[in-house]
Amino acid sequence: MPERQLTVFIYLPGHTTAVPAGIFTHDSDAGIGRFDYGRRYLERPNALPVDPVALPLGLVQREITVNEGLYGAFCDAAPDYWGRLVIAAECRTAPEALSECDFLLSGNATRVGNLDFRESPSHPEPVLGPPHFNQLRDIALAAEHLEAGDTSDARLLRLLRQGTSIGGARPKCTVELDGALWIAKFPAKDDTINIPRIEYATMQLAQRCGICTPQLRLVQAGGKDIYLTRRFDRERHGSGWLRHGFLSSLSLMEWDVRDRLLWEYPGMASRMRRHMSAGHLVELFRRMVFNVMVRNTDDHPRNHGFLVRGGEIELSPAYDIVPALTQAGVGTEYRLAMSVGDEGREATLPNVLSRSAQFGLLESEATQIIGGMRATCREWPACFREAGMSERDIDIVAPSIISAR
Ligand SMILES: Nc1ncnc2c1ncn2[C@@H]1O[C@H](COP(=O)(O)OP(=O)(O)OP(=O)(O)O)[C@@H](O)[C@H]1O
Ligand SMILES: [Mg+2]
């Protein structure tokens, strides 16, 4: 039975429960999806698109044949490598045995954005009940066991599962703390350095370079460093939560995850110009420059996000910025995941400058921004020490930071 139908729900602004917006039909064999808005939904005066780029409100919609037949906002709301591992472990099966629809349906209320996927329009509202911060020690242990292939402790697995639906490949879990939701990112089994602390330090440096980040924390549980970033798509509202829509840049651009050659920052800036004010383009320019300066080569289009509040799209706070490590004697040249300028993905400052006009910047303005960020980046050792990084890890990341090169 390759063709399945799901009901897509949306949390509209100001509401903590979702309403059905339409039906998604998915043919997993052919990799084709089709969404149809419900007539009653379209009659709502406050109806909003479930995907403002791919699915504008209206009765006639295009089928989708890229990204396994999932519209962008649906892909973003689905679990990725890590979430799939957790869900499959709980189902006592392999991730490959589950379909895209299985993953859409089994994502719980901690999924990113303002959508929900259910078996039918009458299916009950899922409870948003992630674990509490106080349980972090157990959740980190659950993640460690799962990475080691040990799924024997059902209680630990359930705890991890309660907060797992968001994307990304690294071990993580949503937790509640101080009336807010946070993503806790754990060490991974193959890490050779303290990645949670390096991510924390790098995000702090990004903040100092004028980049907008979520609230950040570094905590310890079970003897491990754990990086916490406050969720920007959820807001407490009485006893419930408001949810903002989320689109990755992969979705804003309608790129296929396999079409790596198409990925580019200047094109993203041009598309952003249609939807948001000039300040967001400058912020994207800063993030691109920062990725060059700290050699973050994992800047793929799912690592750039947009919030959809009401009908408005804006750049989300930054996330997932970590220097790529350089091997001794190798790596005098390196490339970002997306093209930055006339020299393609080459991560050099002349290259980022070459297309600055597409970000709405005069060359003198772009040069000034880069100069200011370079000056701030020179203080990286102090910033990283303040963040508690060990001297060993500082030495290891040094070749990746521009002022140390
Ligand atoms: N502060 C946040 N608030 C809401 N959603 C977030 C936040 N940070 C990240 N996300 C979402 O969670 C996803 C996973 O987070 P992140 O990119 O940090 O994980 P990762 O496992 O390191 O990713 P990757 O697979 O790129 O290495 C992001 O792609 C984004 O959709
Ligand atoms: Mg990521």
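This is a predicted model: local features need pLDDT of at least 70, side-chain atom pairs count only at pLDDT 80 or more; totals for chains, interfaces and linings use all residues.

Student: Into which domains is the chain divided?

Tutor: The domain assignment lists domain 1 (3-118), domain 2 (133-230) and domain 3 (244-404). The centres of domain 1 and domain 2, taken over C-alpha atoms, are 25 Å apart.

Student: How many residues of domain 1 are in contact with domain 2?

Tutor: In general, the size of an interface is often given as the accessible area lost when the parts come together. Here we count residues instead: 15 residues of domain 1 are in contact with 16 residues of domain 2. On the domain 1 side, helix H3 (residues 81-90) gives the most, with 7 residues. That side of domain 1 consists of 7 nonpolar, 4 polar and 4 charged residues.

Student: How should I read the pairing of strands?

Tutor: The general idea is that strands of a sheet pair through backbone hydrogen bonds, either parallel or antiparallel. Let us begin with strand S1 (residues 3-10), which is joined to strand S2 (residues 19-27) by 8 bridges, the two running antiparallel. Within this pair, Gln5 has Thr25 of S2 as its bridge partner. S1 is also joined to strand S4 (residues 115-118), again antiparallel, by 4 bridges. There, Phe9 stands opposite Asp116 in S4.

Student: In what order do the strands of the open sheet of 4 strands lie?

Tutor: The order is S5-S6-S8-S7, and the pairing is antiparallel. Strand S5 (172-177) and strand S7 (216-221) are the edge strands, each pairing on one side only. From one strand to the next, the twist averages 35°.

Student: Which strands form the edges of the open sheet of 3 strands?

Tutor: This sheet has the order S11-S12-S13 with antiparallel pairing. Its edges are strand S11 (245-248) and strand S13 (312-315), each of which pairs on one side only. The twist from one strand to the next averages 30°. S11 pairs with strand S12 (residues 305-309) in the antiparallel sense over 4 bridges, and the bridge partner of Leu247 in S12 is Phe306.

Student: How does one describe helices that pack together?

Tutor: Two packed helices are described by the angle between their axes and the distance between the axes. Helix H5 (residues 136-147) and helix H6 (residues 154-162) pack at an angle of about 105°, and their axes are 9 Å apart. Angles of 65 to 115 degrees count as roughly perpendicular, and H5 and H6 are therefore roughly perpendicular to each other. Among the residues that make the contact are Ile139, Leu141 and Leu146 of H5, together with Leu156 and Leu160 of H6. By class, the contact has 9 nonpolar, 1 polar and 1 charged residues.

Conventions. Residues are numbered from 1 along each chain as its sequence is written. Chains are lettered from A and ligands numbered from 1 in the order in which they are written. Domain bounds come from an automatic or database domain assignment. Two residues are in contact if their C-beta atoms, placed from the backbone, lie within 7 Å. Ala, Val, Leu, Ile, Met, Phe, Trp, Tyr, Cys and Pro count as nonpolar, Asp, Glu, Lys and Arg as charged, and the others, Gly among them, as polar. Two strands pair if DSSP finds at least two bridges between them. Axes are lines fitted to C-alpha atoms, for helices over the stretch in contact, and angles run from 0 to 180 degrees between N-to-C directions. Angles under 35 degrees count as roughly parallel, over 145 as roughly antiparallel, 65 to 115 as roughly perpendicular and the rest as oblique.
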